[in-house]
Amino acid sequence: MPDALHRYANADALAEALATQVAARLRAAIAARGAALLAVSGGSTPARFFERLSHEALAWSKVRVTLVDERWVLESSERSNARLVKSLLLRHAAADANFVPLYVEAPTPEAAIAALRARIATLPTTFDVVVLGMGGDGHTASFFPGGDRLAEVLDLNGTARVLPMRAAGAGEPRITFTLPALLDSRTLFVHIEGEAKRAVLDAAREPGSTLPMAAVLRAAPQLDIYWCP
Ligand SMILES: O=C(O)[C@H](O)[C@@H](O)[C@H](O)[C@H](O)COP(=O)(O)O
């Protein structure tokens, strides 16, 4: 588990550093392969980072942006991660980026899975950058403790790239990229803020931890963790 913890004095300094790093990785991907694929998390933490990244000067028209997970709600909902990305990241310089949403019009993620897999199949299998968040319960993406497909999404030998997920702590049904799919990334960042999440991260680092985040820490070949109090 080679992970590096990068500490910042406050959320603004963290957002600036993370945006600078992510933009550099996207530029390098475009220089090497002519295109870049970025997967970001939703929730409340990424807002400053999205705002900062949206101003980075790079060839955004060559960047595809997707989510590591999505809540099964209409985009008009305040809970929609697509809405968050569109309102805070896909503007300014980044308005030219191509967004690949994980929501399709269907009553449930289970009903949408074939359409979603077809959409995901148009993307390269290797991400250039994945940015994970983490909840206070140790979930990341939609790998929720007690989730109905937790074992399946964490299975490193699993072949599914996206799966539905339902869990008491999730709020609504979700769709999530699986752990092996997210690990197939040239760079992997974790963005967490606050002492409480730092304590959860430390717990996930304990040998034998069953927190979903522990599975990521154990399996990731390299992980850069960005944290501020
Ligand atoms: O849709 C989601 O909920 C996210 O992608 C999720 O995995 C998020 O990263 C954590 O829940 C942290 O969320 P907060 O930043 O709101 O604490």
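Keep in mind that the model is predicted.

Let's start with the record. UniProt, in an unreviewed entry, lists residues 10-219 as "domain: Glucosamine/galactosamine-6-phosphate isomerase". Over residues 10-219, the chain is 38% helix and 19% strand.

Now the inside. The largest nonpolar core has 66 residues. Which members touch the most others? They are Leu-26, Leu-38, Val-68, Val-130 and Leu-132. Helix H1, residues 11-33, gives the most to this core, with seven residues.

Take strand S6, residues 127-132. Six of its six residues are buried, so S6 is largely enclosed by the rest of the structure. What does S6 pair with? Strand S2, residues 36-40, runs parallel to S6, and two bridges join them. There, Leu-38 stands opposite Val-129 of S6. S6 also pairs with strand S9, residues 185-193, again in the parallel sense, over five bridges. In that pairing, Val-131 has Phe-189 of S9 as its bridge partner.

Stay with Leu-132 for a moment. Setting aside neighbours within four places in sequence, what is Leu-132 in contact with? The list is Ser-41, Val-68, Thr-140, Ala-141, Phe-189, Val-190 and Val-216.

In H8, the residues Pro-212, Met-213, Ala-214, Ala-215 and Val-216 are buried. What covers the buried residues of H8? The cover includes S6, helix H5 (150-154), helix H6 (179-183) and helix H7 (195-205).

Ala-141 sits in the loop between S6 and H5. Its phi is positive, about 45°, although Ala-141 is not a glycine. Is Ala-141 buried or exposed? Buried: it has 29 other C-beta atoms within 10 Å, and 20 or more is enough to count.

Compare His-92. Its phi is positive too, near 50°, and His-92 is not a glycine either. His-92 lies in the loop between H3 and strand S5 (98-100). With 14 other C-beta atoms within 10 Å, His-92 is partly exposed.

Next, the ligand. How many residues surround the ligand? There are 15, and the closest are Gly-42, Gly-43, Ser-44, Thr-45 and Gly-133. By type, the shell divides into three nonpolar, 10 polar and two charged residues.

Glu-56 is in the loop between helix H2 (47-53) and strand S3 (63-67). Glu-56 is partly exposed, with 17 other C-beta atoms within 10 Å. Not counting residues up to four places away in sequence, Glu-56 touches Ala-19, Ala-23 and Ala-93. Glu-56 and Asn-10 are 46 residues apart along the chain, and their C-alpha atoms are separated by 20 Å.

Then Leu-74. Leu-74 lies in the loop between strand S4 (69-71) and helix H3 (81-88). Why does Leu-74 count as exposed? Because Leu-74 has 11 C-beta neighbours inside 10 Å, and 12 or fewer means exposed. Leu-74 and Pro-173 are 99 residues apart along the chain, with C-alpha atoms separated by 12 Å.

That's the tour. Thank you.

Key: Residues numbered from 1 in each chain as written. Predicted model: local features only at pLDDT ≥ 70, side-chain atom pairs only at ≥ 80, totals over all residues. Near = placed C-beta within 6 Å. Nonpolar A, V, L, I, M, F, W, Y, C, P; charged D, E, K, R; others polar. UniProt positions renumbered as here; feature names shortened; annotations may be inferred. Helix = DSSP H or I, 4+ residues; strand = E, 2+ residues; numbered from the N terminus. Core = buried A, V, L, I, M, F, W, Y, C linked by C-beta atoms within 7 Å. Contact = placed C-beta atoms within 7 Å. Pairing = 2+ DSSP bridges.
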